[in-house]
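Try each task before reading its solution.

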Amino acid sequence: MNVMDDLNSRMGRGTVKLGTPSPGAAWHLRCAHLTKRYSTRWEELPSVKAL
């Protein structure tokens, strides 16, 4: 935390954050296409096949 506080004081408030996505990040658009139960229904999870 001391390093984060030091960086934020030198480079501006909010320069370094913990686990927060940037506004308008590309994954926001992709997550909108998920089903409402994507985390509870195994058959609705996307699958990846090896080549």
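The exercises below go from the whole protein to single residues.

This is a predicted model, where local features need pLDDT of at least 70, side-chain atom pairs count only at pLDDT 80 or more, and totals for chains, interfaces and linings use all residues. Residues are numbered from 1 along each chain as its sequence is written, and side-chain values use heavy atoms, with hydrogens and water left out.

**Exercise 1.** Find how many helices and strands the protein has, and what share of its residues is buried.

Solution. Start with the DSSP runs, numbered from the N terminus (helices: H or I, at least four residues; strands: E, at least two). The protein has two helices and zero strands. Next, take relative accessible area with a 1.4 Å probe, protein chains only: buried is under 20%, exposed over 50%, and partly exposed in between. Of the 51 residues, 6% are buried.

**Exercise 2.** Locate the salt bridge and describe its two partners.

Solution. First, apply the criterion: a side-chain nitrogen of Lys or Arg within 4 Å of a carboxyl oxygen of Asp or Glu. Searching the whole structure gives one salt bridge. It joins the side chains of Asp 6 and Arg 10, at 2.9 Å from N to O. Then look at the spacing: because Asp 6 and Arg 10 are four residues apart in helix H1, about one helical turn separates them. Last, check accessibility: Asp 6 is partly exposed at 37%, while Arg 10 is exposed at 60%.

**Exercise 3.** Is Asn 8 buried or exposed, and which residues does Asn 8 touch?

Solution. Begin with its place: Asn 8 lies in helix H1, residues 2-11. Its relative accessible area is 17%, so Asn 8 is buried. Now list contacts (heavy atoms within 4.5 Å), skipping residues up to four places away in sequence: Asn 8 touches Arg 13, Gly 14, Thr 15 and Val 16.

**Exercise 4.** Describe the setting of Val 16.

Solution. Val 16 sits in the loop between H1 and helix H2 (26-31). With a relative accessible area of 26%, Val 16 is partly exposed. Beyond its neighbours within four places in sequence, Val 16 contacts Met 4, Leu 7 and Asn 8.
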